[in-house]
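Please open the model in your viewer and keep the selection panel at hand.

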Amino acid sequence: MAGKNYVHQLDAKNRMRIPAKLREEIGEGYSITVGAGGCLYVYTKEQTEKVKETLKQVNAYREKQLKAARYILYNLWEAEEDKQGRILLPDNLRKHAKIEKNVIIFKGPSCVEIWSEEVWNDYFNDVNFEELADAVESLTNV
């Protein structure tokens, strides 16, 4: 079910839970890495393997491709849940997503996304529906 979002808070030790419904969808062995727009992407084990395979295709002489691949792989973290089902968000991922306390966990178009509530609100603060319509239309004209 795409489009569902949940509001949570990090605890004092920077831990959080993935909501049970989403947790069922992503299964065991999921990973978290940097995402577009200032969020974090939560990939299933299968998605993680596809991302790694895709990044193997980068041209070592194309600096922008190489930098993107390095950044994504450097920040790729295999989530480790404690006995209560909480995960610790590493500092590098929290900094990328500017997560301090409140988080939005969103079932995005291709994966689960984790956002800082403030970044999420800013992201949608200045929505231009004409641009959104053009972007959606371009998907249907492929």
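Begin by selecting Asp126, Glu130, Glu131, Asp134 and Glu137, which together form a negative surface patch. Patches here are built from residues with over 30% relative accessible area and no salt bridge, like charges being joined within 9 Å and nonpolar side chains (Val, Leu, Ile, Met, Phe, Trp, Tyr) within 5 Å. Asp and Glu count as negative and Lys and Arg as positive, while His and the chain ends are not counted, and the place of a charge is taken as NZ of Lys, CZ of Arg, CG of Asp or CD of Glu. Accessible areas come from the Shrake-Rupley method with a 1.4 Å probe, and for residues only the protein chains shown count as cover.

This is a predicted model, in which local features need pLDDT of at least 70 and side-chain atom pairs count only at pLDDT 80 or more, whereas totals for chains, interfaces and linings use all residues. Residues are numbered from 1 along each chain as its sequence is written, and side-chain values use heavy atoms, with hydrogens and water left out.

Glu131 counts as exposed because its relative accessibility is 56%, where exposed means over 50%, buried under 20% and partly exposed in between.

Next select Tyr123, Phe124, Val127, Phe129 and Leu132, which make a nonpolar surface patch of about 520 Å². Val127 sits in the loop between α5 (117–123) and α6 (129–140), and at 33% relative accessibility Val127 is partly exposed.

For the interior, move to Ser31 in strand β3 (residues 31–34), a residue that is buried at 4% relative accessible area. Its side chain joins that of Thr48 in a polar contact of 3.5 Å (a pair of N or O atoms within 3.5 Å; within protein, one must be able to donate a hydrogen and the other to accept it, and residues adjacent in sequence count only if both atoms are side-chain atoms).

Now display the salt bridges, each a side-chain nitrogen of Lys or Arg within 4 Å of a carboxyl oxygen of Asp or Glu; the structure holds nine. Asp11, Arg15, Asp82 and Arg86 are linked in a network of them, which includes the pair Asp11 and Arg15, with closest N and O atoms 2.7 Å apart. Finish at Asp91 and Arg94, whose side chains meet at 2.4 Å, N to O.

Key
Helix = DSSP H or I, 4+ residues; strand = E, 2+ residues; numbered from the N terminus. Buried < 20%, exposed > 50% of the residue type's maximum accessible area, 1.4 Å probe, protein only.
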